[in-house]
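Hi,

Here's the structure I said I'd pass on.

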Amino acid sequence: MMDKAELKWTLNHIPKTDDLAVKNMSVEEMRRAGSFHRSFPQYSVTPLTRLSNLAEYLGLKRLYVKDESYRFGLNAFKVLGGSYAIARHIAKELGKDVSEVPYSVLTSDELREKFGQATFFTATDGNHGRGVAWAANKLGQKCVVRTPKGTTRTRLQNIAKENAEVTIEDLNYDDCVRMAAKEAENTPRGIMVQDTAWEGYEEIPTWIMQGYGTLATEADSQLEEDGCRPTHIFIQAGVGSLAGAVIGYFSNRYKENPPVMVVAEAGAADCLYRSAVQADGNRVDVTGDMLTIMAGLACGEANTVSWDILKNHADAFVSCPDWVSANGTRIYGAPLKGDERVISGESGSVTMGLVHALMTKPEYKELKEALKLGPDSEVLLVSSEGDTDPDRYLEIAWEGLCGTDKQPFADL
Ligand SMILES: Cc1ncc(COP(=O)(O)O)c(C=O)c1O
């Protein structure tokens, strides 16, 4: 019998830098994105669910989850970024401010005539590509999506439904990004809309991160309405755009005394954790297939804009084996009596599994204490997706699937 893999973690000892990127995640910028999203007929604030009985069981004061399975009927938060970046791009090309191109204008014949036909390219593990394809489709634009090896048919079909050209490549996520970027470059009016940044490609990813800000501003208002000032925020990361957006926003919001902020990654793709362990401020890449059930987190090269924010503002980085996310899915799916059920998929649930492990397993006491997690803690989690792959969700929730090898947890 194989041993169960352990969580790996480090506190943030990276020397602080000029901290230039965090200002792009200001409260004002994030609210600007929120105004844009509110112009969509599909828009509604996603629920912030308070799990009072679980908080008590775990020994926390309060525990909240921002449930992104309700976002625009797409089951994940990702559409916030792609739609906002496309709007910012179109606004820029037309010499307008994004406030002048709400949904009704973007989808008008007049604008379509002025802007003409472009092709938006992207690479994706599923959710981002679906969001970009959805937005491009709504705006009558073309979209090409490349997905990595291991992408399930369900994820592919969900993108194809949005009239996008979509393929599964024999490449990992980061190589698919390079492929799509090259294709965009070689296509007349081809535009790369990628949810990660690299040197020389930072404007669109910054807009994408600002788009994610909508979930942060909503959660902030919802917490405030419930009389909560969060003490801890746990956020999952692939390339780190979501984490950079959320941590950037709350660092600006609570400049003097920010919450403790923890980044959780899939163990197979823990580039941020490894960069934090190296602690010289440089990024460490993870390469290869990165097999994990957390498809959305299977990215080995960090976003350069986010990395600047995370190294200056995250408190800890945790590398999580698949059982952490699988436990999280089951805890959300089988709540304590009186708590609401949350349907949380593989990339959505890892922070719940992590908080559960920290509060219940003696082997992680040191990290729990370092983070000062206890009866005064008011914790915010983001369930970033619902059952975006429904078959996989049931295998985890009902059959005890734990890892990519399809073995139930008991066999590992
Ligand atoms: C559901 C879900 N959660 C979290 C993430 C991680 O976001 P990021 O790559 O910005 O770190 C992704 C990325 O695709 C995702 O699909």
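A word on the domain bounds: they come from an automatic or database domain assignment. For the protein chain, that assignment gives domain 1 (8-76 + 204-411) and domain 2 (79-194). Residues are numbered from 1 along each chain as its sequence is written. Keep in mind that this is a predicted model, where local features need pLDDT of at least 70, side-chain atom pairs count only at pLDDT 80 or more, and totals for chains, interfaces and linings use all residues.

Taken over C-alpha atoms, the domain centres are 25 Å apart. Across the boundary, 37 residues of domain 1 are in contact with 30 residues of domain 2 (contact being C-beta atoms, placed from the backbone, within 7 Å). On the domain 1 side, α1 (27-38), α9 (203-225) and α16 (390-397) each supply at least two residues, and α9 gives the most, with 10 residues. Helices here are DSSP runs of H or I with at least four residues, strands are runs of E with at least two, and both are numbered from the N terminus.

Now the ligand. It has 21 residues around it, the closest being G238, S241, G296, S384 and E385 (a residue counts as near if its C-beta atom, placed from the backbone, lies within 6 Å). α6 (127-138), β8 (232-237) and α10 (241-253) each supply at least two residues of that shell, with α10 giving the most, three residues.

Cheers

Notes: Two residues are in contact if their C-beta atoms, placed from the backbone, lie within 7 Å.
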